Amino acid sequence: MKPLHRYLFFTALILLLLLLPQFFTQDYYVHMLVMAGIYSMLAQSLGLIIGFTGQVSLCHAAFYGMGAYISALLSLNFGLSFWVTFWLGGLGAAAAAYLFGRIVLQLKGHFLAITTALFGIMVTLILDNWTGLTKGPMGLPGIPRPSPIPLLGVTLQFTSRTEYYYLVLVFVLLMAYVTYRIIHSQIGRAMIAIRENQELARSVGIDTMRFKLAAFCIGSGFAGIAGSFYAHYILFISPVSFTLSESINILVMMIFGGMQTFIGPMVGAITLTILPEFLRMTGALRLTLYGLALMTLIIFFPLGVVGSVKEKWFSIDETRS
Amino acid sequence: MRTVFFQQVLNGIVLGGSYALIALGLTLIFGILEVINFAHGEIYMIGAFMTLFLSTLCGIPFLLAIPISMGVVAILGLIIERAVFRPIIGKPMINGMLLSFGLSVFLMNLALLLFKADPRSLDSGYSHIHIRFLGLQITLDRLLAIIVAITLVGLLYLFIQRTKIGTAMRAVAEDREAAQAVGVNIARIYSLTFAIGCALAAAAGSMVGAIFFVSPTMGWTPVMKSFVVVILGGFGSLTGAVLASLILGLVESFGGGYISYAYKDAYAFILLLLAFLLKPEGLLGGSE
């Protein structure tokens, strides 16, 4: 796209996103949009780790949960405002990612995948069993809403879902901007080099561990911020929201959209948050169909839907991993 | 005090035996198909249900029901391998992982729909018989679990080391293309490996189901722990997997008995992290 076209396109897109809640009168649809926003943050931050740096992490939901719990516990126990705690949630998740990443990012391929999966399970176990702090499976109720802030002469109270929608939109756009800047910088090019061939990257002087760790910490920190937002939006959190299944769910969104693209994970997150809402059924039947759909997707669209369409129609080979 | 100690050792060996049976299947499937099979726990669960139905509905004695269940589950494994895993062999590893996860979710929830979530007891008829030996006491079903595990591990070892097909399996694990070049029928090795892995899981599920209970979600936790075993034992090493299974079984048994029962499922992961911290080169020796 030419710069002018691109500029017009993004202006139109942002206008549309700003006006979107006006088209929906039902609260429930606005809720779906907010959830789509949260999953966009999660899928995109995972995209930075897996799609761009090639490090398969199966514990994204663990960092999402850490952010949620840190933020919720700080506001419940110390009365801190969301505007402080979301930073701390993000930083806490990033710090945990640093400590864990230092050890496991030396691993590759299947070993990394399975070890991160096991780490995610361990975090869920701790959340479930450290009842003194987390109240275990009972969860944490009564998390306060963000305190009101004045914006352009209006005071946002965060009592309606529409206000939350605008807040999540700001979060998603800021995070997307930071991600965009990262992947189009020298850091991003180093990350892609590591994804394509780690040994080669090291041989041309890229400190692979440093960049892998950077991607892991930034991605996990963003997931922590998304978790904090989730906690102060739903106002209740419990360990079941942050299990391995949730990590895989985010992974599927990212792959569905096309993981090695900037926009793909967000497209995948929005589609897969809203689409299943049309199939509202009881738990087990719904999950049975989810499993079946996942298998069909992988067998027939191994490159993800966007990736497969791209390969078929544009025959651009950029989906190797 | 000493009897409590040895009781924990025995419990640890029983646990370790079941992990070994699961982990051997996982290792074989990983080594040959290069797939991390998250659905292995559901195969284990199906094996347990098969034994349960054979013994309660058909009245087949427990010890006979296990081999039948293993056979049926092996056939199921053949079908799954052919229909689900064969199409994605050679594709990026993340695809195989997601595929097996989808299969796991599908099978577990299908079982929840069909069999309902309540745990059922599988009565082997041996759980009330106590055997006393040197002041130690063990129920016959636990003793049988140990014997079955040892027998199956031994048979598998002989099969892989001594038969022609076993040699072919090792060759495929070593180098897929080279094995194909010297005339190994790879498709048949894939099917066979998957079927053997499934049969071992079915045996483990039946034995554990008889000691504890049978339910649609019973497979998830033991299989995740068996992944720890597979990593600790060095991916692809059968001897390593068996040793690591025993270590994990003992650690869990002692940890559950002396430290904290609530965290008994966490010991596996703590063990894994400790291993990473203390001996990263041993684990890295197995990385690609």
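Predicted model: local features only at pLDDT ≥ 70, side-chain atom pairs only at ≥ 80, totals over all residues.
Over its 21 residues H1(A) reaches 30 Å from its first C-alpha to its last, which is close to the 30 Å expected at 1.5 Å a residue. The number of buried residues among the 21 of H1(A) is 1, so this helix lies largely in the open.

## A covered helix in chain A

Helix H3 of chain A, residues 60-78, is mostly covered, since 16 of its 19 residues are buried. H3(A) is followed by A:Gly79, a residue whose phi is positive, near 65 degrees.

## Helices that pack against each other

In chain A, helix H2 (residues 27-52) and helix H10 (residues 208-234) pack at an angle of about 170 degrees, and their axes are 8 Å apart. As angles over 145 degrees count as roughly antiparallel, H2(A) is roughly antiparallel to H10(A). The residues that H2(A) brings to this contact include A:Val34, A:Ile38, A:Met41 and A:Phe52, while those from H10(A) include A:Phe216, A:Gly219, A:Phe222 and A:Tyr233. Divided by class, the residues of the contact of H2(A) with H10(A) are 17 nonpolar, 2 polar and no charged.

In chain B, the axes of helix H6 (residues 164-174) and helix H8 (residues 186-211) come within 10 Å and cross at roughly 100 degrees. Because angles of 65 to 115 degrees count as roughly perpendicular, that description applies to H6(B) and H8(B). The contact is made by B:Ile165, B:Ala168, B:Met169 and B:Val172 of H6(B), together with B:Ile186, B:Ile189, B:Leu192 and B:Thr193 of H8(B). These residues of the contact of H6(B) with H8(B) divide into 7 nonpolar, 1 polar and no charged.

## Where the two chains meet

Between the chains, 33 residues of chain A are in contact with 39 residues of chain B. On the side of chain A that touches chain B, the elements that give two or more residues are helix H4 (82-104), helix H5 (109-129), helix H11 (244-257) and helix H13 (283-300) of chain A. By class, this side of chain A has 24 nonpolar, 8 polar and 1 charged residues.

Most residues other than glycine have a negative phi. A:Lys135, however, has a positive phi of about 60 degrees although it is not a glycine, and A:Lys135 lies in the loop between helix H6 (131-134) and strand E1 (149-151) of chain A. In chain B, the phi of B:Glu34 is near 55 degrees, again a positive value in a residue other than glycine, and B:Glu34 has its place in the loop between helix H1 (2-33) and helix H2 (40-56) of chain B. A:Lys135 counts as partly exposed, with 15 C-beta neighbours inside 10 Å, and B:Glu34 counts as partly exposed with 15 C-beta neighbours inside 10 Å.

B:Thr239 is found in helix H10 (residues 238-259) of chain B, and B:Thr239 is exposed, with 11 other C-beta atoms within 10 Å. Although B:Thr239 and B:Gly17 are 222 residues apart in sequence, they are 13 Å apart in space, C-alpha to C-alpha.

Note on methods. Residues numbered from 1 in each chain as written. Chains lettered and ligands numbered in written order. Axes fitted to C-alpha atoms, helices over the stretch in contact; angles between N-to-C directions. Helix = DSSP H or I, 4+ residues; strand = E, 2+ residues; numbered from the N terminus. Parallel < 35°, antiparallel > 145°, perpendicular 65-115°, else oblique. Contact = placed C-beta atoms within 7 Å. Nonpolar A, V, L, I, M, F, W, Y, C, P; charged D, E, K, R; others polar. Expected span 1.5 Å × (residues − 1). Buried ≥ 20, exposed ≤ 12 C-beta atoms within 10 Å, placed from the backbone.
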